[in-house]
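Look at the sequence and the model below before reading on.

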Amino acid sequence: MKVQKAPRVKCVIGIIYHPAFAIQPYLGFLEKVFGKRDLQSKEYAFDFTDYYEEEMGKHLLRIFISCEKLIGPEDLPEIKLLTNVLEEKTKKDEGRIVNLDPGYLDMDKFILASAKYAPQKIYLDKGIYADPALYYYKRSFHPYDWSFPDFRSAAYNTFFYLVRENYKKQLRE
């Protein structure tokens, strides 16, 4: 029996940070690690939860970048472990100054990587789970009941639609 390899997917990294953090040089660093970015979202206020407030402060921002090079979905655990190391390297005494949330997008969904168990998450490897965050149906992204509040708000849907269109072009080439 021939085993079919999974299609390549689009790597997307969500970045949560405090406005005092100089994000532009850090984005250049991420490009050195993950390859050239082809899209970057606008800055979104990350005010749907106070989960990171004690560690990172108030008035946090979030952006997303998508990487030009397509990856295998099986690469997600290694990418998450690498982003955890990058977070640690920028950590200050009071905690993280940046939170990196890698995931991937294919034609039908956006999956986040997670190191925490929850009933909807699917174990991948090396302590990392796949957390379905959005699915694409009838020309739009939709959250699951368990999706994080910011994803349920549809605030990021325009960006994810652009990433999907870019991904679709890459698949045709």
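This is a predicted model: local features need pLDDT of at least 70, side-chain atom pairs count only at pLDDT 80 or more; totals for chains, interfaces and linings use all residues.

A disulfide needs the two sulfur atoms within 2.5 Å. C67 is likewise in no disulfide, since its nearest cysteine sulfur is that of C11. The count of disulfides is therefore zero by this rule. As for solvent, C11 is buried, with a relative accessibility of 2%. C67 is buried too, at 2% relative accessibility.

The next feature is open space. The largest pocket holds about 560 Å³. Its lining is made up of 24 residues, and those that lie nearest the centre are Y51, Y52, D101, K116 and F148. Two or more lining residues come from each of the helices α3 (76-89) and α4 (149-152) and the strands β5 (98-105) and β6 (109-114). Sorted by class, the lining of this pocket has ten charged residues, ten nonpolar and four polar.

Strand β8, residues 128-137, runs antiparallel to strand β9, residues 140-143, and four bridges join them. Together β8 and β9 form a hairpin, with two residues between the strands. In the turn, K138 has a positive phi of about 50°.

Technical notes
Residues are numbered from 1 along each chain as its sequence is written. Side-chain values use heavy atoms; hydrogens and water are left out. Buried means under 20% relative accessible area, exposed over 50%, partly exposed in between (1.4 Å probe, protein chains only). On a 1 Å grid over the protein atoms alone, a cavity is a set of points where a 1.4 Å probe fits but cannot get out, and a pocket is an open set with protein on both sides within 12 Å along at least five of seven lines; lining residues have an atom within 4 Å of a point. Grid points are joined across faces, edges and corners, and a volume is the space filled by probe spheres set on the points. Ala, Val, Leu, Ile, Met, Phe, Trp, Tyr, Cys and Pro count as nonpolar, Asp, Glu, Lys and Arg as charged, and the others, Gly among them, as polar. Two strands pair if DSSP finds at least two bridges between them.
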